[in-house]
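Thanks for passing this one along. Here are my notes, in the order I would go through them with the model open.

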Amino acid sequence: MTTDTSERGLETLIMRHLTGVDGFGATPCPVSEKPDASGTGYFAGSAKDYDRAHSIDVPQLFAFLRATEPEAFKKLAIADAGEDKGINRLKFLARLSAETGKRGVIDVLRKGVEHGPVHFDLFYGTPSPGNAKAEALHAQNRFSITRQLAYSVDETRRALDLCLFINGMPIATFELKNSLTKQTVEDAVEQYRRDRDPRERLFEFGRCVLHFAVDDGEVQMCTQLKGKASWFLPFNKGYHDGAGNPPNPKGLRTDYLWKEVLTPSGLTNILENYAQIVEEKEPRTGKKKRKQVWPRFHQLGMVRQALTDVHTHGAGKRYLIQHSAGSGKSNSIAWLAHQLIGLKRNDKEVFDSVIVVTDRRLLDDQIQATIKQFMQVGATVGHAEHSGDLRKFIEEGKKIIVSTVQKFPFILDEIATDAGKTFAIVIDEAHSSQGGKTSAAMSQALSAPAEDEDAGPDPEDTVNEALAKRMEARKMLGNASYFAFTATPKNKTLEMFGEPLPPDAEGKVKHRPFHVYTMKQAIEEGFILDVLKSYTPVDSYYKLVKKTEDDPEFDTKKARKKLRRYVEGHDHAIRLKSEIMVDHFHDQVLAVGKIGGQARAMVVTSGIERAIQYFYAFKTYLLERKSPYQGIVAFSGEHDYGGARVSEVSLNGFSSRDIAAKIQTDPYRFLICADKFQTGYDEPLLHTMYVDKPLSGIKAVQTLSRLNRAHPQKHDCFVLDFQNNSEAITFAFQDYYRTTLLAEETDPNKLHDLKAALDAAQVYSPEQVQQVVELFLGGADRDKLDPILDACVAVYVDKLDEDGQVDFKGKAKVFCRTYSFLSSVIPYSNAEWEKLSILLNLLTPKLPAPQEEDLAKGILEAIDMDSYRVEKKAAMKIALADKDAEIEPVPTDAHGHKAEPELDRLSNILKTFNEQFGTLFTDTDRVAKRIQDDIAPKVAADAAYQNAKKNTPHTARMAHDQALARVMQHLLRDDTQVYKQFVENESFKRFVGDMVYALTN
């Protein structure tokens, strides 16, 4: 017999695995008492037993109630369970059906139903170990699956391929397809949208937990059918860090669905701990909207893996969970937190309390609300807003405590008294705020108390003890487990929370996250949008004309910065860019009805002053355009503008806390931001972003990712960037595109080198270090510390030259940063480092910056704006290289020399500046021969350069560059082409410089 490659063949395969039979001959009522031994615990249901009007498999339900609550079932006085017309039977089914319609099947299964004087439990969850009665009841649950279920009262021929029930209540429906017959999961999705009427009883909201579209390669799921608007999401394992499923040597790629996820124990676990109907309040209307939640595959995998690991190893480990934006971190954190509470090891709860730390003020409430909705009986949530709350909650036995990183430092001192307990610390968006000082204080407050400090009268002992305590504080605690969630792990985060891999051939140790859900997979699965697909840089062309005939010398780098600030800050430029933004949004976004006509835009500006200028420019131009829409400005605090103090409230006309809700309602369409709403802000209606701010690294990823949130009507998004180029943005995203590995550990030995260099500068003496540490740890006031620190400052100012000052201050900062980080990770304590870090943390802020003459002063007076032309580049898709990115470790090298001003003629500055911004006026060049035969010999003959090579080799390159500049000046008249290239084109200039330096050495 040939293999059945149809969807019917797939149906049979699933039925046989779950029930042991093919399900065609399933006898209607009476049902069998025990499932077939060759299945995995499921009964084969009969389509004839399904009550379409009430959406219940009645014989399965009654068999369950008879077995578990025989006395209560007798009270129903149902003469014949198989008889359709009995009045008592109809009353009971109507009551059960009404409760399911009102509360949803999840709640009905969890809490049962009241009928007259009788309470019926409709499901028995996982029994606690050793509870024989609970085990016996749990074993009576009836998991059944029915094929070809005719569900419709009117269209009697319409049937679902499969429907899964627990104790007669519908849980999941299935539409199956087989790619060998040229039909795929997409056809199954289309069938649900087109043919499955959401008004049918079975498809009403909450009556069935979810709907699966399945073929042999992929699974998609939907928690609420809404016709064409039904939103199906992938429920796949992921393959090669992207969408889909890996090849399965033992069967179909999708068989994990019925072999792993939907086993009776697996399904019970999801219904007890994950599946839920949540109520969300619509901020605009105040209307409440109910939403059914089911975990996605990566969420289920992550939580289960973490719980298993804690169960195996107990408290004290660190976990890095790298889940892309849009992966549903709020739910993941909530599910993990509430299950960590009940987790037992050797019959004892592993954690006394779970502390959820979130940096995102907007998510503060969201996470708390989510946890509250998923918490089951007994476990309670506290929100630590004020100092003393945390201590109070721990003493009261609050199991989950939500706090923000901002509030955390103020309450750390309060919890030292509870240091004998164990904690799970769940950190949302783990970045450097968790590294170093806050984390150290947190660790200190959570660790066990030290010995009696007054035992020894010797002050040195007291200092050493206090030191030891501080250093212990810097270690990760043995009585706390850390779970750090982030989409964009920095090197610090990877090293602190990641799992170390075995050393490679060079002995370097890399770290990897505990669980990963990549940006690539999230994009391919449609959970987030690809913000880079329509990333469009704008080339700003400046042509600047000098006003004066004389050509003073200026410092190139500063001049370029000031020119840029002048041009960008000029009203004409802001006005022009605002017009471009507003026109683009009206013509390209609103006119085509993006996100069903609800699209919003974010304008990212480089500072408060700029944001306010944009706010006014938008206001003026929107009125001129007769547009019905308005902008909202977002920045912190008050600001002087146009001779008055302004704030968000005075400009917008409503409270700051209303901004997130207001932008969702008309007339507001533009959110103009200065460093607000750029991380952790979750608004699916954001479609377009206008960037007028330099972005790089993590900041670029986090800012652009504000657009990637999915919405059923959102199919794309758009970025118009006035400041950055595609190379910089590609580079920023590359690190987080796939699993990020830390290239190597930060080297602790470099601290020895830094300390040696700092000691050698003799800014402080060993005695001064000891004095400061003793006084500081003894709680001395500033007036005792300052004289010693001021003496060190005097040495720094008087004894070190400019380079020495820059070198010392740079190394001091790097030492403090590196030590603060390393001391949270390395397993040893170095008292000398600890002492030095105390001194330097107090001393560094007092060290004055080296004086330098501002050579670029006055350049603004020397130029005028000739033209300001903006041209949009064709929208380009940045193709990210598909490779595991590695992040370099925390840098421990301090670059301690003052940047040498590159002195140059003003005409050169203007030309290079124009070139860098794309004013492309160059012809073809003839280069190599002229450099080799003419320029190089002249540079080699330069007396200052020759002198530097002989006597001070470390300044040779500097002298060479100066000589080269002098030689190039002479070319101005007789070879303008080479000179022009040299001056205008940075990469060309670098190439010439390197080439001539090589030729002359």
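1. Contact here means heavy atoms within 4.5 Å. By that rule, and not counting residues up to four places away in sequence, threonine 688 touches His584, Phe585, Val589, Arg600, Ala601, Met602, Leu707 and Phe718. Before going further, please keep in mind that this is a predicted model, where local features need pLDDT of at least 70 and side-chain atom pairs count only at pLDDT 80 or more, while totals for chains, interfaces and linings use all residues. Residues are numbered from 1 along each chain as its sequence is written, and side-chain values use heavy atoms, with hydrogens and water left out.

2. Staying with threonine 688, its place is in strand 32 (residues 686-692); helices (H or I, at least four residues) and strands (E, at least two) are DSSP runs, numbered from the N terminus. Threonine 688 counts as buried because its relative accessibility is 0%. The cut-offs are under 20% relative accessible area for buried, over 50% for exposed and partly exposed in between, using a 1.4 Å probe and protein chains only. The side chains of threonine 688 and histidine 687 are joined by a polar contact of 2.8 Å. Such a contact is a pair of N or O atoms within 3.5 Å; within protein, one must be able to donate a hydrogen and the other to accept it, and residues adjacent in sequence count only if both atoms are side-chain atoms.

3. For the overall picture, the protein has 36 helices and 37 strands. Of its 1001 residues, 52% count as buried. Among contacts with a separation of 6 or more, 74% come from residues 24 or more positions apart.

4. Serine 144 is buried, since its relative accessible area is 0%. Beyond four places in sequence, serine 144 is in contact with Tyr42, Phe43, Gln60, Cys163, Leu164 and Phe165.

5. Which residues touch the most other members of the largest nonpolar core? They are Phe174, Phe212, Phe235, Leu257, Leu267, Leu340 and Phe483, out of 86 residues. Helix 10 (residues 297-313) supplies the largest share of this core, with 7 residues. Apart from it lies another core, of 37 residues, including Ile659, Leu686, Leu707 and Val719. A nonpolar core is a set of buried Ala, Val, Leu, Ile, Met, Phe, Trp, Tyr and Cys residues joined through side-chain atoms within 4.5 Å.

6. Leaving out residues up to four places away in sequence, lysine 250 touches Asp255 and Lys259.

7. How many disulfides does a search of the whole structure find? The search finds 0, a disulfide being a pair of cysteine sulfur atoms within 2.5 Å.
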